Amino acid sequence: MRNLKYILLQARKEKDPMIKHEAKCFQKSLNCHNENLHTIDLIRDQVTKSFFLNYDAVIIGGSGDFSIAKGGPWMNKVLDIMNYLYEEHKITFASCWGFQAMAKARGGEVVHDLKRAELGTIELHLTTEGKQDKVFQNLPERFFAQMGHEDIVDKLPNDAILLASSKKVKNEAFRFKKKPIYCTQFHPELKKNDLKQRMETYPSYVRKILGISNSEFLKRHCLEAKETEQLIRKTIHTCLKDF
C-alpha cells in the first residue's frame, strides 16, 4: 500500500495552519511515502474530473471555515465532484467535512446544530450493519474516536448503510451499497497529540462547543483512540480487494 497514489481533497483557507498538519496526519495514517500523497484544495483550486484518473484512491478531509450546512458559492462545485466520485466508483475515504459533503451530494441532509456538536475523544458504538461490515467489524462494539464538528448529518442518502452512532448523534459513519466509498464523521487520521495540536491552534473552538478552557479540555476530553488508527488503511485495502 505504500506505493499507491493518493489525492487528498482539502477545503481550507490559504493561510490555514492545518493544511500541512492535515496532510501529514493522513500520510501517517495511510503509512505512505510523502511523495505518494498529493493535495488539492476544493475551494480555491481548479479541479477537473480527469485529474482523478491519476490516483488509486481519494481522501477527503475536514474544514476549518467552510460549512456544508451553511453552504456558499463553492457548494455546487464540491457536490459535483462528490457525485463524480460516486458515479465513477472511485475508492474514497471521507472524514468530517468530507463525510458531510458526500452525504449532501447524494441526497442526505446536513444541519448546523451546536446542541449536538461534538469535540474531543467520543465513544461510539457499531450498528448491526457495522458489526457485519468487512471494515468496521474489526472494531470493538464500542470504541473511541477523535471528533470535532458543529454540522450534523441528519439524514443519510437512500443507499447509505449506517455503520456507527454516538450517544448524541445517530449518523457517525456510513458506506454506500456497491460502492468503494466509506465516510466517517470522526477523524481516524488523528491521534491524541494531533487533536491536541488542533485545539491549541483553535482554542476558541473549545470554548464555543464545550464552554471550558483549553487546559481543561486537554485533561478531560483529549484521549487516545487507538481502535480507529488502522481504519483508513483497512478501508483502502478492503476496497481494492473487493472492487
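A crossing of two helices counts as right-handed if the near helix is turned clockwise from the far one by less than a right angle, and as left-handed if the turn is anticlockwise. Keep that in mind as we look at this predicted model.

Q: Is the crossing of α1 and α8 left-handed or right-handed?
A: Start with the two partners: helix α1 covers residues 18–30 and helix α8 covers residues 231–242. Their axes lie 7 Å apart. By the clockwise rule, the crossing of α1 and α8 is right-handed.

Q: Are α1 and α8 oblique or roughly parallel to each other?
A: The two helices pack at an angle of about 60°. Roughly parallel would need an angle under 35 degrees, and roughly perpendicular starts at 65. So α1 and α8 come out as oblique.

Q: How many charged residues does the contact of α1 with α8 have?
A: On the α1 side you'll find F26, K28, S29 and L30, and on the α8 side I232, R233 and I236. Lys and Arg count as charged. Sorted by class, the contact has 4 nonpolar residues and 1 polar one, and the number of charged residues is 2.

Q: Are α5 and α6 oblique or roughly perpendicular to each other?
A: Helix α5 (residues 192–201) and helix α6 (residues 203–210) pack at about 95°, with axes 4 Å apart. The range from 65 to 115 degrees counts as roughly perpendicular. That's why α5 and α6 are described as roughly perpendicular.

Q: How many residues of the contact of α5 with α6 are nonpolar?
A: Here M199, E200 and T201 of α5 meet P203, Y205 and V206 of α6. Met, Pro, Tyr and Val all belong to the nonpolar class. With 1 polar and 1 charged residue also in the contact, the nonpolar count is 4.

Q: Which residues are joined with R12 into one network of salt bridges?
A: Side chains of opposite charge can pair when their charged atoms come close. R12 and D16 do this at 3.2 Å, N to O, and both are buried. Salt bridges that share partners extend the picture, joining R12 with D16 and E22.

Q: In the salt bridge of D41 and R44, which residue is partly exposed?
A: The side chains of D41 and R44 meet at 3.3 Å, N to O. D41 has a relative accessible area of 3%, so D41 is buried.

Q: Which residue forms a salt bridge with E141?
A: The closest N and O atoms of this pair are 3.2 Å apart. E141 sits in the loop between α4 and β7, and its partner, 10 residues away, is in helix α4. The partner is partly exposed at 40% relative accessibility, and its name is K131.

Q: Is I181 buried or exposed?
A: I181 is in strand β11 (residues 181–184). Among the residues I181 touches are L85, Y86, M102 and F174. Buried means under 20% relative accessible area, and at 0% I181 counts as buried.

Q: Which residue just after α3 takes a positive phi?
A: Helix α3 (residues 97–105) has 8 of its 9 residues buried, so it is largely enclosed by the rest of the structure. Those buried residues include W97, F99 and M102. Just after α3, a positive phi of about 100° is taken by G107.

Methods. Residues numbered from 1 in each chain as written. Predicted model: local features only at pLDDT ≥ 70, side-chain atom pairs only at ≥ 80, totals over all residues. Heavy atoms only, no water. Axes fitted to C-alpha atoms, helices over the stretch in contact; angles between N-to-C directions. Parallel < 35°, antiparallel > 145°, perpendicular 65-115°, else oblique. Contact = heavy atoms within 4.5 Å. Salt bridge = Lys/Arg side-chain N within 4 Å of Asp/Glu carboxyl O. Buried < 20%, exposed > 50% of the residue type's maximum accessible area, 1.4 Å probe, protein only. Lists of a residue's contacts leave out its neighbours within four places in sequence.
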